[in-house]
Amino acid sequence: MLLKNKWLIFVLLIVSVFCLAGMSVKLIPKVKGYLFNQVNKWDLVDHSEWKSHFRSVTIKSSSDGSLQNAYFLAATEEKPLLVSLHTWSGDFSQTDPLADLADKHEWNYIHPDFRGPNWTKDACLSSLVISDIDDAIQYAIEHSSVDIKNIFIVGVSGGGYTTLGSYLRTQHRIKRFISWVPISDLSAWHNQSLSLNHYNYAENITACTSSLDGTGEKVKERSPLYWTFPEKDNGALDIYAGINDGHKGGGSVPISHSLLFFNRLLHEKGIEERKVDDSTAIDLLTRANRISQSAEKIGDRSVIYRNITSEATLTIFDGGHEMLPNYTFGRLIELSKNPITE
């Protein structure tokens with residue numbers, strides 16, 4: 001009887017192991033997917049239905065004659081224009097929290113496709129992407145009542161990356177570019193993505209740049225950090241980055257991308273004395289800075305570091321890989337009320 005019980009326990013144990021193994025095969029990908037989405041929720045490809053008064057339009061490319069899609073909202077009287085850029089893996093149909101805010105305040109709004117997700121050669125800040133965004137702005141100007149002194153380009157994550165590219169190469173005069181948690185160096189991000197087990201982003205970079213290892217000139221050609229700065233002033237730039245971004249559980253893009261681009265910009269503008277110094281940069285990158293209870297706020301977040309110049313603003317806040325939509329639109333309203341200083 002004792003022997004039979006031992007065999008029964010053994011059989012039950014084996015069955016349990018196989019059952020757990022089977023469950024893990026099904027559950028592990030789901031758990032990994034859930035955790036990835038929590039860290040990268042600003043890159044989710046959510047195609048929720050858009051309100052009917054946001055029109056789906058097609059815009060002919062001035063570069064190659066192809067047609068790009070966009071969601072467009074025209075104001076009934078002269079109002080600012082918000083050009084909202086989709087994220088790294090998104091396209092024009094990706095849900096955008098800024099759309100409802102533009103609708104509420106009766107602004108002009110356009111959400112262009114600019115060659116879709118960043119895993120093809122035509123996407124990923126190619127010359128076609130810059131041209132597509134300029135074409136979308138021109139379309140909005142021609143098909144609505146746009147206050148041309150109040151045009152704004154805003155993006156988060158991969159959209160923040162494209163915002164930096166537009167800042168450097170747009171043909172339009174933009175009141176302000178607002179870039180949240182941007183990527184500025186694809187080669188660095190390739191290696192950082194591998195270290196964070198975000199293999200899909202590393203693969204995207206090699207695919208869109210035809211680079212086997214995420215390095216080389218073709219990668220630099222798609223990295224705003226290495227681009228030539230224009231002689232003419234295209235507008236001012238705000239950069240926002242969450243201090244926990246790029247750390248496990250905090251996001252996918254380290255704040256080094258924001259710090260390096262900001263310092264490069266100040267160097268090019270001849271404002272060396274305002275650059276983020278090495279000691280401060282190290283403190284920020286290692287999260288050594290303490291947050292004061294009386295710290296300045298953006299929305300409900302404490303500001304850990306802020307550097308304001310006439311050319312650009314850098315804000316490091318207590319957060320991760322994200323944009324604060326209500327704060328962002330409030331910032332746009334504030335900026336729209338101030339005249340451009342030539």
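A cavity here is a set of points on a 1 Å grid over the protein atoms alone where a 1.4 Å probe fits but cannot get out. The model is predicted, so that local features need pLDDT of at least 70 and side-chain atom pairs count only at pLDDT 80 or more, while totals for chains, interfaces and linings use all residues. Residues are numbered from 1 along each chain as its sequence is written, and side-chain values use heavy atoms, with hydrogens and water left out.

The lining of the largest cavity consists of Tyr167, Phe229, Pro230, Lys232, Asp233, Asn234, Gly235 and Lys269, where a lining residue has an atom within 4 Å of a point. Three of these residues are nonpolar, two polar and three charged; Tyr, Phe and Pro count as nonpolar, Asp and Lys as charged, and Gly as polar.

Ser179 belongs to strand β6, residues 176-180, strands being DSSP runs (E, at least two residues) numbered from the N terminus. Ser179 is buried because its relative accessibility is 0%, the cut-off being under 20% relative accessible area with a 1.4 Å probe, protein chains only. Beyond neighbours within four places in sequence, the contacts of Ser179 (heavy atoms within 4.5 Å) include Gly155, Leu237 and Tyr240.

Ala241 is found in strand β7, residues 236-242, and is buried, with a relative accessible area of 2%. With neighbours within four places in sequence set aside, Ala241 is in contact with Val181, Ile255, Ser258, Thr315, Ile316 and Phe317. Ser157 is 84 residues from Ala241 in sequence, and their C-alpha atoms are 9.7 Å apart in space.

Terms used: Helix = DSSP H or I, 4+ residues; strand = E, 2+ residues; numbered from the N terminus. Buried < 20%, exposed > 50% of the residue type's maximum accessible area, 1.4 Å probe, protein only. 1 Å grid on protein atoms, 1.4 Å probe; cavity = no way out; pocket = protein on both sides within 12 Å on 5 of 7 lines; lining within 4 Å.
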